[in-house]
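Subject: Handover of a structure and notes on its features

Dear colleague,

Please find below the structure that I am handing over to you. My notes follow it, and I hope that you will read them with the structure open.

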Amino acid sequence: MWCRRLLSSSLVWARPVAPGGGGHRAHSALAQLTRILESQLDAIRGAGTWKSERIITSKQGPHINVEGSPGGILNFCANNYLGLSSHPEVIQAGLKALEQFGAGLSSVRFICGTQAIHKALEEKIARFHQREDAILYPSCFDANAGLFEALLTPEDAVLSDELNHASIIDGIRLCKANKYRYRHMDMRDLEAKLLEAQKHRLRLVATDGAFSMDGDIAPLREICQLAQKYKAVVFIDECHATGFLGPTGRGTDELLGVMDQVTIINSTLGKALGGASGGYTTGPRDLISLLRQRARPYLFSNSLPPAVVGCASKALDLLMESSAIAQTMAAKTQQFRSKMEAAGFTISGREHPICPVMLGDARLASVMAEDMLKRGIYVIGFSYPVVPQGKARIRVQISAVHSEEDIDHCVRAFVEVGKQRGAIL
Ligand code: PLP
C-alpha cells in the first residue's frame with residue numbers, strides 16, 4: 001500500500017501538465033524550484049566562485065593522471081601528507097579486511113555494526129594519541145557534529161577560534177551552550193572571553209591544531225596556560241596534524257609539548273592516515289562512553305566499512321613502527337618554503353606542509369593554477385568566500401613522498417609562471 005502510494009506520487013512528476021489538476025500543481029512547483037536553483041547557480045558563477053572538479057584517472061599519489069592533461073601530473077594539492085593513500089601495505093590490509101569481514105555492516109554500531117576490527121582500531125587510535133579511549137565516526141565532520149551537542153548544555157560555554165573549520169562551526173551551532181568566538185589565535189581576546197565565561201559551569205576552548213587555509217599552527221602552549229588559569233577544557237581538531245606533526249607524528253600537542261594538557265582530540269582517517277575516510281574522538285574514557293550513548297552521527301549512521309578500517313589500522317601500524325616517514329616532512333616543507341621565499345613569493349604559515357602561496361588577486365590565483373597544470377603541476381587557487389576578500393592564494397601541500405626533484409620542479413614552474421604573470425619580478 002505504502003509502496004503503491006509512493007509510486008503514484010512519484011508518477012505525478014512525470015505526468016504531462018494537466019491544467020487545474022495535481023499534475024499542474026506539481027509541475028509549477030518544479031518550475032519554481034528550477035528557477036530558484038538556476039538563479040542560485042548563476043549567482044555562484046557570476047561571483048567567480050564556481051568550483052569545478054578535475055577528474056583523476058589513477059590512484060591518489062604524488063604522481064597522478066588527470067583527465068584532459070596528457071602525461072603524468074605532479075600532485076601538490078592532496079592531504080595525502082605521508083603518501084599512505086596508495087601504500088601497498090595499506091591497500092593489502094584493506095583488501096584482507098574486505099575479504100575477511102565483508103563489504104559493510106548494514107547497521108549502526110550499537111545495533112549490529114560493531115566488529116572486532118572496529119574495537120581494535122579504537123584501541124589503537126587511543127594508544128597512538130596516548131589517551132584513554134576512542135570512538136570511530138563515518139568522518140571527522142561527524143565527529144565534530146557529534147561532540148559539542150552531546151557534551152555541552154545551556155549551563156556551559158564554548159570558546160571557538162574564528163577561523164575554525166566549518167565542521168567545528170556547524171557542530172557548535174548544534175549545541176545549546178553559550179558561544180564565544182575569539183579572534184584568530186589572539187590570546188588576549190581568548191583571555192577576555194574566558195574571563196567573561198567564568199559564570200558558566202564548564203568552559204571548552206575549541207581550536208584547529210593546524211589551520212588548513214593558512215598553514216598556521218594554534219598557539220597551544222598559551223591556550224593550555226589560559227585554560228589552566230580559567231579552568232577550561234581544551235579541544236583540538238587534528239585533521240591537518242595527525243600522523244606528521246611532532247617528533248613521532250602524534251600531532252600539534254606533541255609538537256608543542258602539551259600532550260598532557262589537551263583533553264579532547266578529533267581527527268580524520270581521511271588525510272594522512274591512509275586517506276580513505278572516517279573520523280574519531282579520543283580522550284577520557286567517560287567522555288567516549290557518553291558519546292557512544294549520545295552522539296547523533298554515531299547513533300544514526302552506518303559503521304565504517306571493514307576495508308576502510310583495515311587501511312587506517314595498517315597506516316597507524318606503520319607510524320607506530322617507525323617515525324621515519326613523518327620525520328621527512330619537515331625537511332621537505334622547509335625546502336619548498338625557503339626556495340619559494342628566495343624567489344620572491346610570500347608563503348603563509350610556518351613549518352606546516354600546507355604552504356599557501358599568497359597572491360591577493362582571485363583571478364591571478366586562478367590563472368596561475370591553470371598555468372601550473374599546463375606545466376604538469378596540479379595546485380588549486382583559493383579565493384573568496386573560502387578565504388577572505390583580497391587574500392587569494394594557491395595552496396600547495398607537500399607530501400613526505402614528494403622527491404626533492406619533485407619539489408624543485410614545482411618551484412621552477414612557480415617561478416616561470418609567477419614572472420610571466422607579474423606575481424614576482
Ligand atoms: N576538520 C578539519 C580541520 C578538516 O580540514 C576537515 C576536512 O577537510 C574535517 C574536519 C573533516 O574531515 P573528514 O573529511 O574526515 O570529514
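In which loop is Gly249 found? Gly249 sits in the loop that runs between strand 7 (233-237) and helix 10 (252-255). Before going further, please note that this is a predicted model.

**Gly249 and its surroundings**

The relative accessible area of Gly249 is 0%, and Gly249 is therefore buried, since buried means under 20%. Leaving aside residues up to four places away in sequence, Gly249 touches Phe128, Ala241, Thr242, Gly243, Phe244, Glu254 and Ala326. The C-alpha atoms of Gly249 and Gln327 are 7.8 Å apart in space, although 78 residues separate the two in sequence.

Two of the residues that Gly249 touches, Phe128 and Ala326, belong to helices described next: Phe128 is listed among the buried residues of helix 5, and Ala326 among those of helix 14.

**Helix 5 and the residue after it**

Helix 5 covers residues 116-129 and has 14 residues, which should span 20 Å at 1.5 Å a residue; the C-alpha atoms at its ends are 20 Å apart, so the two values agree. The buried residues in helix 5 are Ile117, His118, Leu121, Glu122, Lys124, Ile125, Ala126, Phe128 and His129.

Gln130 lies in the loop between helix 5 and strand 3 (133-137). With a relative accessibility of 57%, Gln130 counts as exposed, because exposed means over 50%.

**Helix 14**

Helix 14 (residues 324-342) contains 19 residues. From its first C-alpha to its last, helix 14 reaches 28 Å, which is close to the 27 Å expected at 1.5 Å a residue. Its buried residues are Ala326, Met329, Lys332, Thr333, Gln335, Phe336, Arg337 and Met340. These buried residues pack against strand 10 (346-347), strand 11 (354-360), strand 14 (392-397) and helix 16 (404-420). Gly344 follows helix 14 and has a positive phi, near 110°.

**Helix 6 and its two partners**

Two packed helices are described by the angle between their axes and the distance between the axes. Helix 6 (residues 140-151) packs with helix 7 (residues 166-174) at an angle of about 30°, and their axes are 7 Å apart. Helix 6 is therefore roughly parallel to helix 7. Their crossing is right-handed. On the side of helix 6, the contact is made by Phe141, Asn144, Ala145, Phe148 and Glu149; on the side of helix 7, by Ser167, Ile168, Asp170, Gly171, Ile172 and Leu174. The residues of this contact comprise six nonpolar, three polar and two charged.

How is helix 6 placed relative to helix 11 (residues 285-294)? The axes of these two helices cross at roughly 100° and come within 10 Å. This makes helix 6 roughly perpendicular to helix 11. Gly146, Leu147, Ala150 and Leu151 of helix 6 make the contact with Leu287, Leu290, Leu291 and Arg294 of helix 11. In this contact there are six nonpolar residues, one polar and one charged.

**Ala157**

Ala157 is found in strand 4 (residues 157-161). Its relative accessibility is 0%, so Ala157 counts as buried. Apart from residues up to four places away in sequence, Ala157 touches Ala177, Asn178, Tyr180, Ala197, His200, Leu202, Arg203 and Leu204. Ala157 and Arg421 are 264 residues apart in sequence, and their C-alpha atoms are 48 Å apart in space.

**Backbone features**

Most residues other than glycine have a negative phi, and most peptide bonds are trans. Against that background, Ser106 has a positive phi near 50° and is a residue other than glycine. Ser106 is placed in the loop between helix 3 (88-101) and helix 4 (109-112). At 74% relative accessibility, Ser106 counts as exposed. Gln130, discussed above, is likewise a residue other than glycine with a positive phi, near 55°.

Which residues does a cis peptide bond join? The bond lies between Tyr384 and Pro385, with an omega of about 10°. Pro385 is found in the loop between strand 13 (380-382) and strand 14.

Yours sincerely,
A colleague

Technical notes:
Residues numbered from 1 in each chain as written. Predicted model: local features only at pLDDT ≥ 70, side-chain atom pairs only at ≥ 80, totals over all residues. Heavy atoms only, no water. Axes fitted to C-alpha atoms, helices over the stretch in contact; angles between N-to-C directions. Helix = DSSP H or I, 4+ residues; strand = E, 2+ residues; numbered from the N terminus. Parallel < 35°, antiparallel > 145°, perpendicular 65-115°, else oblique. Left-handed = near helix turned anticlockwise from the far one by under 90°. Contact = heavy atoms within 4.5 Å. Nonpolar A, V, L, I, M, F, W, Y, C, P; charged D, E, K, R; others polar. Expected span 1.5 Å × (residues − 1). Buried < 20%, exposed > 50% of the residue type's maximum accessible area, 1.4 Å probe, protein only.
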